[in-house]
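Work through the following exercises with the sequence and the coordinates at hand. Each task is followed by a solution in steps.

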Amino acid sequence: MPAQETTLRSAGRLRVAVPSVAERVADELRLQLAEGALLPGTRLTESTIAEDLGVSRNTVREAFAELASERLVVRHPNRGVFVASLGADDIHDVYTVRRAIEVSALRAGGRPEDVAAVRAAVEEGKRAAAAGDDDAGGTANQHFHGAIVALARSPRLNTIMAQVLAEMRLFFHKATADSHFYQRYLPDNEAICEALEAGELDRAADLLLAYLDRSEDNLSSVHGDSPE
């Protein structure tokens, strides 16, 4: 193989393997959305984010374009970029994705260290509840569902789930007018984790499926689309 062709192919592999700066900025903003740090309707300023993250405004602009394609932010002409406010129409679609990837990942089980990460998220939720910190409870709940998908050890599924978790947090901001919103899910998380730890994978998957059905109904009701 000619040396030049080898170099070009090596460069191609490098570009695939190493995320661009804009992708890393998008990852950081996606994480902030999932962690509840950015509320629906918040205006995102290129200059501020560029300064905070030590990147160029053009890089931030590229990251915004990626997040806009995922419907996590919206650009209003002459006004700027804002965190999206998702509604009832988006809920069923997101839960369809969650059933597909979370339930299948759980049904397949995982390595002991990955199961331990699910347990760690459950314990994180318990500590948040004991402290009366529902924001931290929400973050723990996000970590729980992220850890379930991580059981599959699939970078592609983890990427999909990162977007889903960001969208879920946007849904939940409206639901969490109830200060104990996340605490109601702690018994479910505990039961799912116990079944996983016991190797009862079908039972764990069935519990999660029922959980997701109830959660979708609850969110649909909160967002004004109550099931008939």
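**Exercise 1.** Is Leu44 buried or exposed? Give its setting as well.

Solution. The model is a predicted one.
- Step 1. Locate the residue: Leu44 belongs to strand E1, residues 43-44.
- Step 2. Apply the cut-off, by which buried means under 20% relative accessible area. Leu44 has a relative accessibility of 8%, so Leu44 counts as buried.
- Step 3. List the contacts, leaving aside neighbours within four places in sequence: Leu44 touches Leu38, Ile49, Phe64, Val73, Val81 and Val83.
- Step 4. Check a C-alpha distance: Leu44 and Gly80 are 36 residues apart along the chain, and their C-alpha atoms are separated by 7.4 Å.

**Exercise 2.** Which side chains meet Arg99 in salt bridges, and which parts of the chain are tied together?

Solution. 
- Step 1. Asp213 and Arg99 form a salt bridge through their side chains, at 2.9 Å from N to O. Asp213 sits in helix H10 (residues 201-222) and Arg99 in helix H5 (residues 88-108), so this pair joins parts that are 114 residues apart in sequence.
- Step 2. Glu216 also forms a salt bridge with Arg99, with 2.5 Å between the closest N and O atoms. Because Arg99 lies in helix H5 and Glu216 in helix H10, this pair ties together parts 117 residues apart in sequence.
- Step 3. Asp213 is partly exposed, with a relative accessible area of 33%, whereas Glu216 counts as buried at 9% relative accessibility.

**Exercise 3.** Which residue forms a salt bridge with Arg153, and where do the two partners lie?

Solution. 
- Step 1. The partner is Asp114; the side chains meet at 2.7 Å, N to O.
- Step 2. Arg153 is in the loop between helix H7 (134-150) and helix H8 (155-175), and Asp114 is in helix H6 (residues 112-131), so the bridge ties together parts that are 39 residues apart in sequence.
- Step 3. Arg153 counts as partly exposed at 41% relative accessibility; Asp114, at 14%, counts as buried.
- Step 4. For the structure as a whole, the number of salt bridges is 19.

**Exercise 4.** How are H6 and H7 oriented, and what classes of residue make up their contact?

Solution. 
- Step 1. The two axes come within 8 Å and cross at roughly 170°.
- Step 2. Angles over 145 degrees count as roughly antiparallel, and H6 and H7 are therefore roughly antiparallel to each other.
- Step 3. Residues of H6 in the contact include Ala117, Val118, Ala121 and Val122, and those of H7 include Ala140, Phe144, Ala147 and Ile148.
- Step 4. By class, the contact of H6 with H7 has 11 nonpolar, 4 polar and 2 charged residues.

Notes
Residues are numbered from 1 along each chain as its sequence is written. This is a predicted model: local features need pLDDT of at least 70, side-chain atom pairs count only at pLDDT 80 or more; totals for chains, interfaces and linings use all residues. Side-chain values use heavy atoms; hydrogens and water are left out. A salt bridge is a side-chain nitrogen of Lys or Arg within 4 Å of a carboxyl oxygen of Asp or Glu. Helices (H or I, at least four residues) and strands (E, at least two) are DSSP runs, numbered from the N terminus. Buried means under 20% relative accessible area, exposed over 50%, partly exposed in between (1.4 Å probe, protein chains only). Contact means heavy atoms within 4.5 Å. Axes are lines fitted to C-alpha atoms, for helices over the stretch in contact, and angles run from 0 to 180 degrees between N-to-C directions. Angles under 35 degrees count as roughly parallel, over 145 as roughly antiparallel, 65 to 115 as roughly perpendicular and the rest as oblique. Ala, Val, Leu, Ile, Met, Phe, Trp, Tyr, Cys and Pro count as nonpolar, Asp, Glu, Lys and Arg as charged, and the others, Gly among them, as polar.
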